[in-house]
Amino acid sequence: MKNEPSSQSAFASLTRPNGMSDAEWAARCELAACYRAFDYLGWTELIYNHITLRVADARPPAFLINPFGLHYSEVTPLNLVKVDGLGNILGGSDYPINPAGFTVHAALHQGLPGAHCVMHTHTTAGVAVACSAAGLRSDNFYSAQLQERVAYHDFEGVTVHADEGPRLLNSIGDRKAVILRNHGLLSWGGSIPEAFTYLWTLNRACEIQLATSLMGPSLAIAPEITAKCARDALQFDPAYGAGRDVFEALTRIALKA
């Protein structure tokens, strides 16, 4: 059906658990579809890394996270784990959660009102740029669109210590594309598509930068042009769907693969 979310139709054969709200089931379907899309793109790290999503009507506040031990290709709406802000599993689960993933994601979900979805990857290009002293350069089509949209957070080791949360939030501010120094990439947004759009653009910028670095000095883009590119990057604008169209296209392809 036209306008029906790809995630809803892809998991139509599954039976929603008794008592689960429409909002939670829709969230589970969309998040599971997102995990499959990341697998399709090759944005996986065996059983590691995370995409999390708030459950809009959950009281107390809760979010969904992948079951630790499963590959992204194995994630379904039914095996996603619901946790509260303290990491307590709600409603039961056959799987645990990864403390290293919970700590970062919980900090953002609790500390940023607009962080309904949080994504984190260790792609080769993303980690390479995160390890570069120069960070993200303003020398390609994608990085130019991220002008004044990227935050940096210094590496503090494996992210299992809750006391890092306030420092992470301070580093991020209101910027939705984040480079975790020596670590990887992170994004957040008011929806899965918005967070995905920021992460895809950031990762693509890193891929181009990594390729360009093999060819010698790059051609810098003038500040006034990068500022113009950032203003014209309509894919981030909620008035233009904030990435909904491209995310739906991706999940249609990924869920058929």
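Author: Let us begin with contact, which here means heavy atoms within 4.5 Å; please keep in mind throughout that this is a predicted model.

Reader: Which residues is Phe155 in contact with, leaving aside its neighbours within four places in sequence?

Author: With those neighbours left aside, Phe155 is in contact with Arg181, Asn182 and His183. Phe155 itself is found in the loop between β6 (150-153) and α6 (164-172), and although Phe155 and Arg181 are 26 residues apart along the chain, their C-alpha atoms are separated by 5.2 Å.

Reader: Why is Phe155 called partly exposed?

Author: Buried means under 20% relative accessible area and exposed means over 50%, with partly exposed in between; Phe155 has a relative accessible area of 44%, so it is called partly exposed.

Reader: What makes the protein chain as compact as a globular protein of that length?

Author: The protein chain has nine helices and eight strands. Its radius of gyration is 18 Å, close to the 18 Å that the globule rule gives for 257 residues, and it is therefore as compact as a globular protein of that length. Buried residues make up 47% of the 257 residues, and residues 24 or more positions apart account for 67% of the contacts with a separation of 6 or more.

Reader: Where does UniProt place the feature "domain: Class II aldolase/adducin N-terminal"?

Author: The UniProt record, an unreviewed entry, places that feature at residues 29-210; over residues 29-210 the chain is 37% helix and 19% strand, with the end C-alpha atoms 34 Å apart.

How values were computed. Residues numbered from 1 in each chain as written. Predicted model: local features only at pLDDT ≥ 70, side-chain atom pairs only at ≥ 80, totals over all residues. Heavy atoms only, no water. Helix = DSSP H or I, 4+ residues; strand = E, 2+ residues; numbered from the N terminus. Rg over C-alpha atoms; globule rule 2.2 N^0.38 Å. Buried < 20%, exposed > 50% of the residue type's maximum accessible area, 1.4 Å probe, protein only. UniProt positions renumbered as here; feature names shortened; annotations may be inferred.
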